[in-house]
Structures are given as structure tokens and as C-alpha cells.
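Morning, everyone. Let me put the model on the screen, and then we'll walk through the helix packing and the symmetry.

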2 protein chains.
Amino acid sequence: MIEEFMRIAIAEAKNAEVYDEVPVGAVIVKDGIVIASAGNMKERENCAIYHAEIVAITKACKVLDNWYLDGCDMYVTLEPCAMCSGAIINSRLDSVYYGASDMKTGCAGSVCNLLENTSFNHQPKVIGGVLADECGGLLSTYFKGKRAIKKANKLQKKMDI
Amino acid sequence: MIEEFMRIAIAEAKNAEVYDEVPVGAVIVKDGIVIASAGNMKERENCAIYHAEIVAITKACKVLDNWYLDGCDMYVTLEPCAMCSGAIINSRLDSVYYGASDMKTGCAGSVCNLLENTSFNHQPKVIGGVLADECGGLLSTYFKGKRAIKKANKLQKKMDI
């Protein structure tokens with residue numbers, strides 16, 4: 001079931017990309033049922049709080065009418081950043097399954113390891129690398145496209161002059 | 001002006017306490033003007049995302065119609081947790097002035113130091129200890145009251161039996 005849930009997160013990431021968001025998706029599961037799923041909404045909300053994980057946690061709290069998400073697992077296409085790792089700890093999620101690692105901002109082992117820091121009062125179980133190539137591929141294709149557009153615009157500007 | 005802005009954050013914390021929230025308040029200032037202020041709303045929203053800093057950042061992004069809060073400073077009564085430190089980094093706030101330290105969850109030096117971690121692509125200026133006694137006093141009074149109520153309830157339960 002792990003890969004099946006990650007595929008829903010991937011679908012959320014792809015849907016976010018339609019709106020020119022960095023393609024990241026997250027899903028929250030309780031008792032084998034998806035209770036919340038979301039894509040990154042930073043650009044649409046024009047606010048850096050709206051990462052996929054934050055939106056999914058907010059939805060899950062509404063569904064359960066509870067801030068305490070024990071018994072819940074998160075599936076997210078990218079290693080959570082500091083903000084999202086903190087949100088996962090604060091919300092007491094049982095487990096986090098993530099896809100691609102993030103060497104620039106990942107806080108589940110890449111830049112630092114907040115999720116397994118025993119100084120905090122909660123440590124979720126962490127499993128990385130789930131469908132990592134597919135999850136990471138979404139991001140590299142997105143950024144490759146962005147760079148190509150930037151290059152084309154520069155060229156266009158030069159030609160205009 | 002630092003203490004004046006912190007006094008607004010304290011007022012937000014006190015207002016949050018009216019709703020039985022842990023009394024924490026945050027203010028965001030740009031060019032000497034308060035553009036957003038908020039108290040902790042976790043209990044009211046029934047979601048651990050709604051710390052004062054997160055609510056204030058969300059409001060500031062709406063006011064400026066921009067996720068990029070450069071030129072903005074945050075004043076917050078308590079040392080930010082991992083989630084809020086990450087949100088501050090993601091939102092590119094210039095400076096963070098905080099009141100009381102938080103030895104259990106603080107990520108501006110107490111448990112760890114995310115805000116000054118040079119591995120991330122942004123480091124705000126951090127100044128702790130602003131009106132620390134007053135900010136910390138709000139929290140210790142709140143938790144003292146909570147413990148007294150718990151004790152009284154236990155006693156009441158014993159008497160009922």
C-alpha cells in the first residue's frame with residue numbers, strides 16, 4: 001500500500017504543477033483510508049506557509065476535528081523542509097514516508113534531522129526513498145523547464161535590442 | 001521601538017489566553033509599521049499549524065500580496081519552534097526578535113539553531129531576550145493555572161467517589 005499512497009501524492013504534485021507550483025504532493029492516511037491530500041499551493045496563496053504537507057495537515061485536522069494526528073501517516077513526494085518537519089512533530093503524526101531527498105532544505109536527514117531528534121517530545125517513524133526516482137523526476141523536469149524558459153526569455157530580450 | 005513592538009505581541013498573547021490558548025503572540029513590522037499581528041490559535045482552529053508566527057506570516061503575505069517578506073521583522077513572545085523557524089526561513093524575514101527562550105522546543109538556539117544554520121538559503125538576524133521576563137511570565141502563570149485546575153479536578157473526583 002505504501003507505493004499506492006505515494007502515487008496519490010504524486011498525482012497531487014502533478015496537479016499542483018498545472019498551476020505552475022513546484023510539484024510536491026502529500027497525503028495523510030488513517031486506518032488505511034486517505035483522509036487528506038494536497039499539492040503545494042505556495043504560488044496560488046502567495047505565501048510560503050502553503051507547502052503540500054501543511055495544507056494536508058490542516059485538512060486532516062478538519063476531517064478528524066482534532067489537532068492530534070496520532071494513528072496517521074504522511075506520504076510526501078519530497079523530503080520535508082524545517083517548517084514541514086516541525087509541523088509533523090507538532091501534529092504528532094505516526095510515520096512519514098517520503099520520496100526524493102532534498103539536499104538543500106530537507107530536514108529528515110539531508111541538511112539536518114529534525115524528525116528523529118530525540119530532544120523534541122515526538123519522533124515519527126521515517127522512511128525515505130519511496131518511488132524516489134519518480135518523485136524526484138517530477139521536480140527535475142519542472143526546474144529544467146523553468147531554466148529553458150528563462151534562457152529563451154533572455155535570448156528574446158537580446159534579439160529585441 | 002523594539003520593546004514597543006514586543007508589547008503588541010504581548011497584547012496578542014494575552015488576547016489568545018482569553019480563548020484558553022497557550023499565550024504566545026507575534027507581530028510583523030515593515031518600514032516601522034505593524035502590517036500583521038496574531039495570537040496563537042491552535043485550540044480555536046484545532047490544528048497545530050496555527051501558531052502565532054504562522055498566522056502572522058499568513059496575514060503579512062496577504063497584506064503585501066507577496067510570499068517574500070524581505071524588509072520585514074518579526075517580534076514574537078516565545079522562541080520559535082522548528083515549524084515556525086522553518087516558516088520564517090521560507091518567508092525570508094529579515095529579523096526575528098523573541099522574548100522568552102523555550103528549552104523544550106525552541107529552534108533559535110535552545111534545542112537547536114535553525115534560524116542561523118548557514119546550510120539553508122536564508123538566515124534572519126536573531127535577537128532573543130526582549131522583555132523576556134514579561135513574555136515568560138505569561139506562560140508560567142498560564143501553566144501554573146492549568147496545573148491548579150487539574151489538581152482541583154482530581155480532588156473533586158476523589159470527593160465524588
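In which hand does α3(A) pass α4(A)? The crossing of α3(A) over α4(A) is left-handed, a term for a near helix turned anticlockwise from the far one by less than a right angle, with clockwise being right-handed.

Some ground rules. This is a predicted model, where local features need pLDDT of at least 70, side-chain atom pairs count only at pLDDT 80 or more, and totals for chains, interfaces and linings use all residues. Residues are numbered from 1 along each chain as its sequence is written, chains are lettered from A and ligands numbered from 1 in the order in which they are written, and side-chain values use heavy atoms, leaving out hydrogens and water. Helices (H or I, at least four residues) and strands (E, at least two) are DSSP runs, numbered from the N terminus.

Back to that pair in chain A. α3(A) and α4(A) pack at an angle of about 25°, and their axes are 9 Å apart. Axes here are lines fitted to C-alpha atoms, for helices over the stretch in contact, and angles run from 0 to 180 degrees between N-to-C directions. So α3(A) is roughly parallel to α4(A); that label covers angles under 35 degrees, with over 145 roughly antiparallel, 65 to 115 roughly perpendicular and the rest oblique.

Who touches whom? From α3(A), we have A:E53, A:I54 and A:I57; from α4(A), A:M83, A:C84, A:A87 and A:I88. Contact means heavy atoms within 4.5 Å. By class, that is 6 nonpolar, no polar and 1 charged. Nonpolar means Ala, Val, Leu, Ile, Met, Phe, Trp, Tyr, Cys and Pro; charged means Asp, Glu, Lys and Arg; the others, Gly among them, are polar.

Stay on α4(A), residues 82–90. The helix is mostly covered, with 9 of its 9 residues buried, meaning under 20% relative accessible area, against over 50% for exposed and partly exposed in between (1.4 Å probe, protein chains only). What covers the buried residues of α4(A)? The cover includes α3 (52–64), β3 (72–78) and β4 (95–100) of chain A, together with α4 of chain B. After α4(A) comes A:R92, with a positive phi near 60°.

Next pair: α1 (residues 2–18) and α5 (residues 132–160) of chain A. Their axes come within 10 Å and cross at roughly 10°. α1(A) and α5(A) are therefore roughly parallel to each other. On the α1(A) side, the contact uses A:M6, A:R7, A:I10, A:A13, A:K14 and A:E17; on the α5(A) side, A:E134, A:C135, A:L138 and A:Y142.

Now chain B. B:A9 sits in helix α1 of chain B. At 0% relative accessibility, B:A9 is buried. Leaving out residues up to four places away in sequence, B:A9 touches B:G25, B:A26, B:V27, B:Y75 and B:T77.

Last, the symmetry. Chain B goes onto chain A with an RMSD of 0.0 Å, by a turn of 180° and a shift of 0.0 Å along the axis. The superposition is by least squares on the C-alpha atoms of residues with pLDDT of at least 70 in both copies. The two copies are thus related as by a two-fold rotation axis. Which C-alpha of chain B is nearest the axis? That of B:M83, 1.9 Å from it. The same surface serves both copies, as 100% of the contact residues of chain B recur in chain A.
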